[in-house]
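Have a go at each one before reading its solution.

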Amino acid sequence: MSEHGSLRDEAGPYFGEYGGRFVPESLIAALDELDAAYTSAKVDPVFQEELAELHRTYTGRPSIITEVPRFGEHAGGARIILKREDLNHTGSHKINNVIGQALIARRLGKTRLIAETGAGQHGVATATAAALFGMECVVYMGEVDTERQALNVARMRLLGATVIPVKTGSRTLKDAINDALRDWVANVENTHYLLGTVAGPHPFPVMVRDFHKIIGEEARAQVLELTGALPDAVTACVGGGSNAMGIFHAFLDDASVALYGYEAAGEGHLTEKHAATITRGRPGVLHGARSYLLQDEDGQTIESHSISAGLDYPGVGPEHAWLADIGRAKYLPITDDEAMQALRLLSLTEGIIPAIESAHALAGTIKLGKELGPDATILVNLSGRGDKDMETAGKYFDILDAEALAAEDVAEIDGAER
Amino acid sequence: MIAERTAAGSGALIGYLPVGFPDLQTSIDAAVALGENGVDVIELGLPYSDPVMDGTVIQKATQQALANGFRLRHGFEAVAAITARIDIPVLVMTYWNPVIQFGVDRFADELVDAGGAGLITPDLVPDEAAEWLAASDRTELDRVFLAAPSSTDVRLRQAVERSRGFVYAVSTMGITGARSDVDSAARSLVGRLRTAGATSTCVGLGISTPEQVAEVLDYADGAIVGSLLVNALAEGGVPAVARAAAHLATGK
């Protein structure tokens, strides 16, 4: 469908002018080793069977699809179908990539997994795989995020991981990645850096995409079986972009299927508080790859803002940058409030509480459904469940227990008086 | 300069300090103090928001410089001010994104105008450096690529062929910061680089004492010291940097 032949065959290290390897020389050998191991595993039936077996018996794949007509009434009457990655073990799509990379790490003889995490979902998934495979696990998490997501810190510790609060820079996800890279440089002999999204130096963007492309492959067949046709559009939220690449990939060559990625616009993509990297950023190099990023005139990274910790990242995967430039996928901003309203709407109409990340995809789908009308079918990647977001949602909608709220108020007054 | 030192049999002492820490003027004075106290080449770091090759001492300093309003143009101002006051090569150490955003050619031209000698690029490997190779060839700026103990022989040859000025041999698998021992990996890496054709190799990461400098200069063409000097500047200002540099250079 293009001069590239199939859009599904992109194997890196570059996607158009994006991607590559902008890392210290010390890491090149490890990236080469990883690339070689992944390239051989990809065509090794033993590896593929191991992975498939774990997905069947541990991850809980295939994940189902759920049609949501009551929600669809609010989306122009369009036929809305959710791909239920929220039902995976550990509560999101993240486990697909983590299990795959942990198997690769084991093949390489690595005994220690390190990871970065924002909200804690990828950290929890990595800690889970480390427990399953009997590996040591260290998770880097911005100090700000360890405070915001104390429960996920406890989950990781319960799973046997060491959580290191990162106190440098903005003390959030991007700095956690910096510290994980520093750890990897120093400990590359026994350590695998289990990067959690389709960003970073080659081979991470292709490898992570490949471990998630099962989402789209399953969903494409499931939608065909349910409706007898391909969907008119596929939607997903985009932070680093792993769940979006996962569901987009199977549809890249289906010219009739429109692809929409929804970025976190925070308080509005025209304000200074957003994480709308493709909408507002420009190409540059961050965390080992060339892609769009939020940066000032001098190329210093700008801090992103989103109510959703999982989308609160100033970069985006290079394959998305390329898909945006060639026009194959569209990337649009969704504000905190639009996402939160969509989160509540899906909860009220369908009894499914989505993660705030995934709620960005739902909010975009509501707008898209109104554009496309009742004849359209839209497949949405419901990338995660909302359990982790209950404190944020409770506060946002002011629905926390009244007595607890009163107690908090008293504590605040006491605090102020002291 | 490094070739001169090697020919004289002494080897070069290279001192790192970041621009804008604790403020622009003091960072200029401190760099000049390095040159006046036995340092042969200055490595001037440009603060960057995501310095993955740096340990806590340099991270803290560059973060403070950014918080104080460091802008890229201050880097060129600092190079010009230092080279106006002392006759010493000033290499700029910078992560790659600021250079891309400034424009690789424009960056090279302004660095030449300021009197800079070239660039050390910690997160740019020769494989990704086509634009910089062209710009540095055009302007005759030095370009220093890194070599690591984990680099294959093929990659070491590439680093040697692509570098001009010297090759930066990373003494250990890790990031910047003082260490009690400079890894024996450094000696073996320098040997491998010589086999790969290197005529000028400087060793960095973890060097912080005159003894370590002497040990490294026994087998390499230069020794690079950073965190110790940054610490001295943080704790005792320009006089402390001057003393630390003199101590490294003379052992006294």
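**Exercise 1.** In which sense do β3(B) and strand β4 (residues 118-120) of chain B pair, and over how many bridges?

Solution. Keep in mind that this is a predicted model. β3(B) and β4(B) pair in the parallel sense, over three bridges.

Now turn to β2(B). Strand β2 (residues 41-45) of chain B runs parallel to β3(B), and four bridges join them. Here B:Met93 of β3(B) has B:Gly45 opposite.

**Exercise 2.** Work out which residues of strand β3 (residues 90-93) of chain B are buried on each side.

Solution. Take one side of β3(B) to start with: it holds B:Val90 and B:Val92, both buried.

**Exercise 3.** Describe how helix α3 (residues 56-67) of chain B packs on helix α11 (residues 227-250) of chain B.

Solution. You'll want two values for a helix pair: the angle between the axes and the distance between them. For α3(B) and α11(B), the angle is about 50 degrees and the axes are 9 Å apart. That angle makes α3(B) oblique to α11(B).

Next comes handedness: α3(B) passes α11(B) in a left-handed crossing. The contact is made by B:Val57, B:Ile58 and B:Ala61 from α3(B), with B:Ser227, B:Val230, B:Asn231 and B:Ala234 from α11(B). Sort the residues of this contact and you get five nonpolar, two polar and no charged.

Definitions and conventions
Residues are numbered from 1 along each chain as its sequence is written. Chains are lettered from A and ligands numbered from 1 in the order in which they are written. This is a predicted model: local features need pLDDT of at least 70, side-chain atom pairs count only at pLDDT 80 or more; totals for chains, interfaces and linings use all residues. Axes are lines fitted to C-alpha atoms, for helices over the stretch in contact, and angles run from 0 to 180 degrees between N-to-C directions. Helices (H or I, at least four residues) and strands (E, at least two) are DSSP runs, numbered from the N terminus. Angles under 35 degrees count as roughly parallel, over 145 as roughly antiparallel, 65 to 115 as roughly perpendicular and the rest as oblique. A crossing is left-handed if the near helix is turned anticlockwise from the far one by less than a right angle, and right-handed if clockwise. Two residues are in contact if their C-beta atoms, placed from the backbone, lie within 7 Å. Ala, Val, Leu, Ile, Met, Phe, Trp, Tyr, Cys and Pro count as nonpolar, Asp, Glu, Lys and Arg as charged, and the others, Gly among them, as polar. A residue is buried if 20 or more other C-beta atoms lie within 10 Å of its own, exposed if 12 or fewer, and partly exposed in between; C-beta atoms are placed from the backbone. Two strands pair if DSSP finds at least two bridges between them.
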